[in-house]
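Please look through the sequence and the structure before reading on.

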Amino acid sequence: MGQKIHPGGMRVGVIHDWKSNWYTGKKEFPEYLLEDVKIREHIYRKLSHAGLSDILIRKDKQRITVDIYTARPGIVIGKSGVEVDALRKELHAITQKNVHININEIKRPELDAKLVAQSIAEQLSNRVAFRRAMKRALASAIRSGAAGVKISCSGRLGGGEMSRRETYNEGRVPLHTIRADIDYGFVEAKTTYGRIGVKVWINKGEIMPEGFEGVSTGDQRLGDQDARRRRGGATEGLGASRESGRGRGPDREGLGPVRQRRRGPGGGQGGGGGRGGSGRGRGPGTGARPAGGPGAGARPAGGPGAGARPAGGPGSGARPAGGRPPRGRGAGAPKPEETTKEQTAAETPVTEPVVEETPPAAEATAPEAPEQTAPEQTEGES
């Protein structure tokens with residue numbers, strides 16, 4: 001089971017200080033502690049309507065200094081300081097010591113958990129809908145710049161016979177993060193159908209140790225890195241390295257972009273033809289190759305092996321003159337593994353097919369001559 005402890009007490013000595021500062025021996029300790037309890041009870045009882053948030057007490061041998069944090073300092077001070085003088089005399093009567101009182105104003109009460117809980121409790125006592133009061137306080141705290149808020153109300157909500165708990169939260173409230181400045185407040189609302197407890201957690205940001213440079217000094221509130229990442233801005237710290245690594249797929253850690261090889265539409269295991277011609281056999285590689293290379297496919301005239309060749313070349317399958325000449329871009333780029341000495345030797349006479357195709361008229365008359373002389377020979381023999 002999760003044991004819930006006070007967020008302020010968990011952070012005492014790390015980012016928060018004690019609310020009572022004094023030191024004494026074992027014999028005097030109970031008296032000093034009971035004195036603190038009486039001072040706080042008296043101040044809260046007398047100034048309950050003044051919006052008190054916190055009371056800090058510092059003690060010497062013959063002097064007590066009380067710091068009061070309030071959202072309404074005018075009510076605490078009174079007209080020309082009458083209320084403060086009366087309070088000082090009352091505390092002197094309780095402690096029999098000299099009492100000095102300091103009044104501190106809270107500039108933004110929407111970010112003080114105790115004041116937010118007090119306002120919600122007052123609304124519940126005045127029969128305002130609890131959901132409306134909770135959502136209104138939640139929105140005002142977020143609007144004032146809080147990194148996260150959580151509000152919980154428990155009791156006979158709405159006058160129901162069975163008590164229940166309602167919780168609303170927005171943002172992030174990391175209770176286990178010690179450096180997160182989380183303010184906590186608890187107030188009970190006294191209603192006609194019983195008491196309703198109001199708890200408020202407000203995350204004011206992150207208090208970093210001195211000399212820490214991991215987060216920019218301008219923005220130290222929790223969630224700023226995530227908000228900047230959603231807006232598309234520059235990120236810092238670990239988030240920056242993670243974001244920069246996502247779009248760097250082709251660049252292998254700074255080794256340069258990877259060039260992808262272009263393959264023909266017929267590339268595969270079966271030695272399909274490239275752009276310049278279609279291979280008919282199953283060669284060891286893909287695409288058509290230049291003349292003299294091993295494997296089947298379209299080759300220029302003079303290369304060994306079967307396949308379609310221009311007229312006049314040796315081998316079977318000679319096309320008549322005027323046939324479509326092989327395209328110059330037909331041969332795909334051979335892979336570096338397949339280039340051998342035989343290929344390089346055969347690639348040197350690349351201009352031979354171009355020389356044979358230049359006189360098209362002579363090639364057209366050459367095959368017609370034997371067809372006309374053949375019948376004349378047969379007539380003479382007969």
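A nonpolar core is a set of buried Ala, Val, Leu, Ile, Met, Phe, Trp, Tyr and Cys residues joined through side-chain atoms within 4.5 Å, where buried means under 20% relative accessible area (1.4 Å probe, protein chains only). The model is predicted, so that local features need pLDDT of at least 70 and side-chain atom pairs count only at pLDDT 80 or more, while totals for chains, interfaces and linings use all residues. Residues are numbered from 1 along each chain as its sequence is written, and side-chain values use heavy atoms, leaving out hydrogens and water.

The largest nonpolar core has 25 residues, among which Ile120, Leu124, Ile151, Cys153 and Val200 touch the most other members.

A second, separate core of 15 residues includes Ile64, Val66, Leu91 and Ile101.

Four strands form an open antiparallel sheet in the order E6-E5-E8-E7, two strands being paired if DSSP finds at least two bridges between them. Strand E6 (164–171) and E7 are the edge strands, each pairing on one side only. Between E5 and E6 the antiparallel pairing extends over eight bridges, and Ile151 stands opposite Tyr168 in E6. Beyond its neighbours within four places in sequence, Ile151 is in contact (heavy atoms within 4.5 Å) with residues including Ile120, Met134, Leu138 and Val200.

Key. Buried < 20%, exposed > 50% of the residue type's maximum accessible area, 1.4 Å probe, protein only. Helix = DSSP H or I, 4+ residues; strand = E, 2+ residues; numbered from the N terminus.
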